[in-house]
Amino acid sequence: MVVNADQDGETPRSPEAKLGMQVEDLWDVQEAQLSPTEKLNACFESIPVSAFPQAPSSQVTEISSDSSLAEAVKLLARNKILSAPVVDCKAPEDASWIDRYIGIVEFAGIVVWILHQSEKMEGGDFFDLAMNSSENDFGPAVAAATNGMTSPRFRSIHPDSPTATCGKFFEMLTSSNFYKDTKVGDISGSFRWAPFLALQKSNSFLTMLLLLSKYRMKSVPVVDLGEAKIDNIITQSAVIHMLEECAGLHWFESWGSKKLFELGLPLMKSSHIIKVCEDEPVLQAFKVMRQKGVGGLPVVQSGGNKAIGNISIRDIQFLLITPEIYNEYRSITAKNFLTAVRSYLEEHQKESPLLSGMVTCRRDDTLKEVIGKLDSMKIHRIYVVDETGDLEGVITLRDIISKLVHEPRGYFGDFFDGVIPLPANSRV
């Protein structure tokens, strides 16, 4: 894709392309002795984050602390976002932004909390109860777990147990009062509640890019100090889309035309790829993602290294919103999960990353080609394979952004001192 102008020959076709041309103008006046990375650092340091295109209104979504888990999950899924800032419903109208927001709630965090509470059910044969009892029988058990109680009637639900991997379990769980009545604010200290770190409009583009890469933030809120609220949310995906729109510009081509191996990609080698076997319970995949801090992993054939699909952290929504699609499965394996969700999406949703199967590339592909695939497919990772289709590595959005800029020594100074910290009782 090449940056071009409209019919008058002056205006770029998109806000992202316009921003790219602003970088181009700054690139052309940089000192000749600077390296390409140093030039880009200088360019992005000169541009405020207020210049970044506004996210769709559906992505600048806030969740009230008195919303239920069920409401939060539906809101995230409907707007196709992984997380959202949480507003303290008790905050006064004139509260500053730092007093108005209490953190970021994520899909992953909600599910991890649910499973953590479920693990408190000890003793008894919970599998038989889940499969054979009515919802009225099941509800008190989950309610007891919510309050940290144990009962001889219930035993632990681990991701590899038949109870936690049967479709009926999720159908009962999501119809329980436990799920419908628990408030988002109630769970703010019980799992890895993301700290609320926001940028001001005057902060630089370079700061934003470093937060999205080196400091592992998936999205960065931009706060309007006057309004004391979030004005924009910049995601890793939005940055990749901006880069795709800049193809054809000199500064982009000098970087994006390089082959992956020339840039040291993939960063994660084959031996370090975190994966799940097709016959393992799908909950094991989500558990591993949470433990390892990754946003997705490949599903590989039994006894081999060929991937048959990818499961992303955002796919957790299907366990909570459409558990009825698993009723025909006694055990929801990773392969069953992919099959069931693809079938559901083919019927209800024509466009989805899950429908595309595995998206791959080769080591000698250019970065520009990879960026094009990631942006057009709306995915967060791409797998590098050899000529036989075996996995050689994985490249994430963060990996690409990290190759665009570097952090100057002492750059952030005391920047993080004002960040709302993780709650003292959070589980990291």
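1. Ser219 counts as buried, because its relative accessibility is 18% and the cut-off for buried is under 20%. Ser219 belongs to strand 5, which covers residues 219-224. Beyond the neighbours within four places in sequence, Ser219 is in contact with Ser83, Leu212, Ile233, Ile234 and Thr235. Note that this is a predicted model, and the points that follow should be read as a description of it.

2. One of the contacts of Ser219 is Ser83, and strand 2 is made of residues 83-87. Strand 2 is mostly covered, with 5 of its 5 residues buried. Strand 2 pairs with strand 1 (residues 63-64) in the parallel sense, over 2 bridges. Opposite Ser64 stands Val87 of strand 2. With strand 3 (residues 101-106), strand 2 runs antiparallel, and 5 bridges join the two. Here Ala84 has Val105 of strand 3 opposite.

3. The crossing of the two is left-handed. Helix 10 contributes Phe205, Met208, Leu209 and Leu212 to the contact, while helix 11 contributes Gln236, Val239 and Met242. By type, the residues of this contact divide into 6 nonpolar, 1 polar and no charged.

4. From helix 1, Val23, Leu26 and Trp27 meet Pro36, Lys39, Leu40, Cys43 and Phe44 of helix 2. The residues of this contact divide into 7 nonpolar, no polar and 1 charged.

5. How many of the residues of helix 3 are buried? Helix 3 (residues 69-78) has 7 of its 10 residues buried and is mostly covered. The buried residues are Leu69, Ala70, Ala72, Val73, Leu75, Leu76 and Ala77. Lys80 follows helix 3, and its phi is positive, near 55 degrees.

6. Elsewhere, 4 strands form an open sheet with mixed pairing, in the order 7-13-12-11. Strand 7 (268-269) and strand 11 (360-361) are at the edges; each has a single partner strand, so one side of each is left without a neighbour in the sheet. Strand 11 and strand 12 (residues 381-385) run parallel and are joined by 2 bridges. In strand 12, Val384 is the bridge partner of Cys361.

7. Helix 16 (residues 367-377) lies across strand 11 and strand 12, and runs at about 135 degrees to strand 12.

Methods: Residues are numbered from 1 along each chain as its sequence is written. This is a predicted model: local features need pLDDT of at least 70, side-chain atom pairs count only at pLDDT 80 or more; totals for chains, interfaces and linings use all residues. Side-chain values use heavy atoms; hydrogens and water are left out. Two strands pair if DSSP finds at least two bridges between them. Contact means heavy atoms within 4.5 Å. Axes are lines fitted to C-alpha atoms, for helices over the stretch in contact, and angles run from 0 to 180 degrees between N-to-C directions. Buried means under 20% relative accessible area, exposed over 50%, partly exposed in between (1.4 Å probe, protein chains only). A crossing is left-handed if the near helix is turned anticlockwise from the far one by less than a right angle, and right-handed if clockwise. Ala, Val, Leu, Ile, Met, Phe, Trp, Tyr, Cys and Pro count as nonpolar, Asp, Glu, Lys and Arg as charged, and the others, Gly among them, as polar.
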